[in-house]
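Please have the sequence and the structure open while reading.

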Amino acid sequence: QSINEQDIWARMSIQLQHNHFFSGTLRENLQLAKPTATDEELQQVLDQVFIAKPLSTIVYEKGGNLSGGEKQRLSFARVLLKNSDIWLLDEPFTSVDPQTEAHLFNTLLTKGAHKTIVLITHKLTDLAKMDRILVMDHGNLVESGTFEQLLTKRGLFYTMYVQQIYIASEIESPTIPPDSLENKAKQMADLLKLKNLSEDIDCLYEKILKTEAENHLKKQIRL
């Protein structure tokens, strides 16, 4: 059965990595998603994405006077406004701060609860609530399953997930004294609060201890 391409696009709300903004007002840029939207509707979606600017605010061509985070939030506002059956979002919140990202992601799950959401992302820590995760490697589908299934499998997704939560902990606490190594390892292990993963927790615990000890030794040698 053939499907009309225009019908598909009409049923999709899309946020790409690079979205187009034209010279005009915030109102006019939002109305690309829903030309019949009232000012009240437009203001509501701006409030939901934390854009505290009047609808009459001028936007330069290609969003030249908007920050990266503002562009992403305005693009997400279009998704919310159009409210189609299918939502396609490609790395939607990479340029916003962690608190705003958490709010937007929660809004995505709440407002899109009865939609089909396709989310393309390299950030794996927020995917536990997704129904199914497809893991791509160099354009090939290598794994598929729920969040817990993929961690239990201990494949590529598991490896990338552990790396991401470890890097996140390094950013929060880059220098660790020797007597805190064990505490940090336990904290990191606690991040994997899933059933039937005791063996994985032990492996992660040993890996973190070894890595932190090596890093501390290198710092001592440099001093």
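## The sheet

Four bridges pair strand 1 with strand 4 in the parallel sense. The model is a predicted one.

Strand 4 (residues 86-90) and strand 5 run parallel and are joined by five bridges. Among the paired residues is Asp 90, whose bridge partner in strand 5 is Ile 120.

Taken together, three strands form an open sheet with parallel pairing, in the order 1-4-5. Strand 1 (12-15) and strand 5 (116-120) are the edge strands, each pairing on one side only. On average, neighbouring strands of this sheet are turned by 10° against each other, direction ignored.

## Helix 4 on the sheet

Helix 4 (residues 68-82) packs on the sheet and touches strand 1 and strand 4. The direction of helix 4 makes about 175° with that of strand 1.

Helix 5 covers residues 98-111. Together with strand 4 and strand 5, helix 5 makes a β-α-β unit, and this unit is right-handed.

## Packing of the two helices

At what angle do helix 4 and helix 5 pack? The angle is about 15°, and the axes are 12 Å apart. Angles under 35 degrees count as roughly parallel, so helix 4 is roughly parallel to helix 5. The crossing in which helix 4 passes helix 5 is left-handed.

Helix 4 contributes Arg 73, Phe 76 and Leu 80 to the contact. From helix 5 come Thr 100, Leu 104, Thr 107, Leu 108 and Lys 111.

## Thr 107

Thr 107 lies in helix 5 and takes part in the contact with helix 4. Is Thr 107 buried or exposed? Its relative accessibility is 9%. Buried means under 20%, so Thr 107 counts as buried.

Which residues does Thr 107 touch, leaving aside those up to four places away in sequence? They are Gln 48, Phe 76, Leu 80 and Gly 112. Of these, Phe 76 and Leu 80 belong to the helix 4 side of the helix contact.

Technical notes
Residues numbered from 1 in each chain as written. Predicted model: local features only at pLDDT ≥ 70, side-chain atom pairs only at ≥ 80, totals over all residues. Heavy atoms only, no water. Buried < 20%, exposed > 50% of the residue type's maximum accessible area, 1.4 Å probe, protein only. Contact = heavy atoms within 4.5 Å. Pairing = 2+ DSSP bridges. Axes fitted to C-alpha atoms, helices over the stretch in contact; angles between N-to-C directions. Right-handed = clockwise from strand over helix to strand, strands pointing away. Parallel < 35°, antiparallel > 145°, perpendicular 65-115°, else oblique. Left-handed = near helix turned anticlockwise from the far one by under 90°.
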